[in-house]
Amino acid sequence: MSLLRSSLLVGLGTVASRVLGFARDILFAQVLGAGPVADAFLAAFRLPNLVRRVVAEGGLNPALVPALGRLEPGEAARVAGDVTIVFALLLLGLVALVEIAAGPVALLLAPGLSGQEGAAELAALYTRLAFPTVLGVTLASVGAAFLNMRRRYGAATLAPLAVNGGLILALLALERLSLPPEREAAFLAAASSAAGLIQLAAIAAALARGDRPVRFRRPVPSPALKGLLLAGLPALLASGAMQLFVLAGTQIASFWPSGVSWLYYAERVVQLPLGLMAALAGSVLLPELASRHREGGTEALREAQDRALGLALLLALPAAAALAVLAGPIAAVLFRRGAFDAADAQGTALVLMGLSAGLPFATAGKVLSQTLFARGALRGTLLAALAGLAATAAAGAVLGRLLGMGGIALGISLGCLAHALALVLLLRRAGLWRPGPGLRARALRIVPATATMALGLAAALALAPEPGPVGLAALCGGGLALYAAAAWLAGAVGREDLALAVKKP
């Protein structure tokens, strides 16, 4: 399968999942709004949703793909089965622990809820109902990593749709029941856990097919199994750097009325372009980089990294500019309805503008970390993630006091910048950071194309300051067309990109 076909399959599946996620969050806003119940539900939903996003974007791939790729096929199938069983036992213990300690866990996620009457108790209830989804989606990710290693992207890409699709069906069912908001949120939390089990079932069915199905047995201790288990947690933490930064921001935002909700909805918008690049990096780019590292091609590794970073900037810079310019209309059109009022839309737009500043750095961090993952440098990537987390906590606390919710969002963006810079330092020490002239030239050409698009969007928005759904769609389509034309004229994209995309890895 060519790199283009693999990328298109993963990309289309990711876009479909994000579109369903948008539909889900629009219904969340309509049903729950941005009050105390919504804050409690979204705070409880943050931890399982964090795990779901990280593993769905290939969070375990950095530990599994390089290690399993070094084994012969039969042994890889046996070790994959052993890893799945051990992970299942560990996850069952974790779920049981969270069910018992749901109250402290909820306050750890959003300590500010303790000052809102009844909100902490609701968050604990929703945590108990929603957290079991971690069991399904994590085990599904282990199976998906094995499928990706075999270049079988279909089931691994489409199975996560079950989570968002199941929640949308649950939200549509709620419209007919007319329940109190507290019970509606509880129903949704339970539905998310059921959807995670559906995702696991889909992956299990795919693993059962093929000439080398994964073999389940009583786990046999081996160096490969021990190495994978030790690498699993660092890989998840390093892959979920952006999610950890948002989690830190959520803790700070919980002290602001409706802050948890505003941050959740704004971050969901940013996740559309970021999630696409993350899924491509973890599922398609990482196996290619791991293969090149095994073959000993340092120069080829740098070339692949430059090419991927150029593609990331080509997508992330215009996306960040468009989100910043159109933050107000996006928040109003997507979420302002039902219990979500104009003040909530304005607050969400302010947070969206702050988060958009960090989108290019977050996207670059996703790409740069894949090179270190391919070399097995999990400790370094984990330290880089912790550096970004510390920067987020410090900047968010200071800027939050000065600028409110917009300052917290800027703090998360600064955390993304610190993370990307730490990765660059690690790559330089390993002799893998030497951007070629092609990457530098492309970056210089992307900037004027992005500026042209941003100016065009700002001018159009000045003529129609409050566009409806059709107007917003026209602005997005027009901005995309303007950027594509400007990028082509500036030489930021050309015929050689298609030739590289269809070249077999």
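Which residues of α12 are buried? In this predicted model, the buried residues of the helix are Ala241, Met242, Gln243, Leu244, Phe245, Val246, Leu247, Ala248, Gly249, Thr250, Ile252 and Ala253. Helix α12 is thus mostly covered, with twelve of its 13 residues buried. The helix runs over residues 241-253, and its end C-alpha atoms lie 18 Å apart.

For the chain as a whole, the secondary structure comprises 22 helices and zero strands. Of the 505 residues in the chain, 57% are buried. Contacts between residues at least 6 apart in sequence were also classified by separation, and 85% of these join residues at least 24 apart.

The loop between α12 and α13 (259-294) contains Ser258. The phi angle of Ser258 is near 65 degrees, a positive value in a residue other than glycine. Ser258 has a relative accessibility of 15% and therefore counts as buried, the cut-off being under 20%.

The C-alpha atom of Gly115 is separated by 8.2 Å from that of Phe255, although the two residues are 140 residues apart along the chain.

Ala119 belongs to helix α6. Its relative accessibility is 1%, so Ala119 counts as buried. When neighbours within four places in sequence are left aside, Ala119 is in contact with Ala40 and Leu113. Between the C-alpha atoms of Ala119 and Phe41, which are 78 residues apart along the chain, the separation is 9.0 Å.

Helix pairs were examined next. Two packed helices are described by the angle between their axes and the distance between the axes. Helix α16 (residues 342-356) and helix α19 (residues 405-429) have axes that come within 7 Å and cross at roughly 20 degrees. The two helices are therefore roughly parallel to each other, since the angle is under 35 degrees. The crossing of α16 with α19 is right-handed. On the α16 side the contact involves Leu350, Val351, Gly354 and Leu355, which meet Met405, Gly406, Ala409, Leu410, Ile412 and Ser413 of α19. By class, the residues of this contact divide into seven nonpolar, three polar and no charged.

Helix α18 (residues 378-403) also packs against α19, with axes that come within 7 Å and cross at roughly 155 degrees. An angle over 145 degrees counts as roughly antiparallel, so α18 and α19 are assigned to that class. The crossing of α18 and α19 is right-handed. The contact of α18 with α19 has 16 nonpolar, eleven polar and no charged residues.

Helix α20 (residues 437-463) and helix α21 (residues 469-490) have axes that come within 8 Å and cross at roughly 150 degrees. That angle makes α20 roughly antiparallel to α21. The crossing of this pair is right-handed. Residues of α20 in the contact are Arg445, Ile446, Ala449, Thr450, Thr452, Met453, Gly456, Leu457, Ala460 and Leu461. The partners in α21 are Leu475, Gly479, Leu482, Tyr483, Ala486, Ala487 and Ala490. The residues of the contact of α20 with α21 divide into twelve nonpolar, four polar and one charged. An α-helix has 3.6 residues a turn, so residues three or four places apart point the same way.

Key:
Residues numbered from 1 in each chain as written. Predicted model: local features only at pLDDT ≥ 70, side-chain atom pairs only at ≥ 80, totals over all residues. Heavy atoms only, no water. Helix = DSSP H or I, 4+ residues; strand = E, 2+ residues; numbered from the N terminus. Expected span 1.5 Å × (residues − 1). Buried < 20%, exposed > 50% of the residue type's maximum accessible area, 1.4 Å probe, protein only. Axes fitted to C-alpha atoms, helices over the stretch in contact; angles between N-to-C directions. Parallel < 35°, antiparallel > 145°, perpendicular 65-115°, else oblique. Left-handed = near helix turned anticlockwise from the far one by under 90°. Contact = heavy atoms within 4.5 Å. Nonpolar A, V, L, I, M, F, W, Y, C, P; charged D, E, K, R; others polar.
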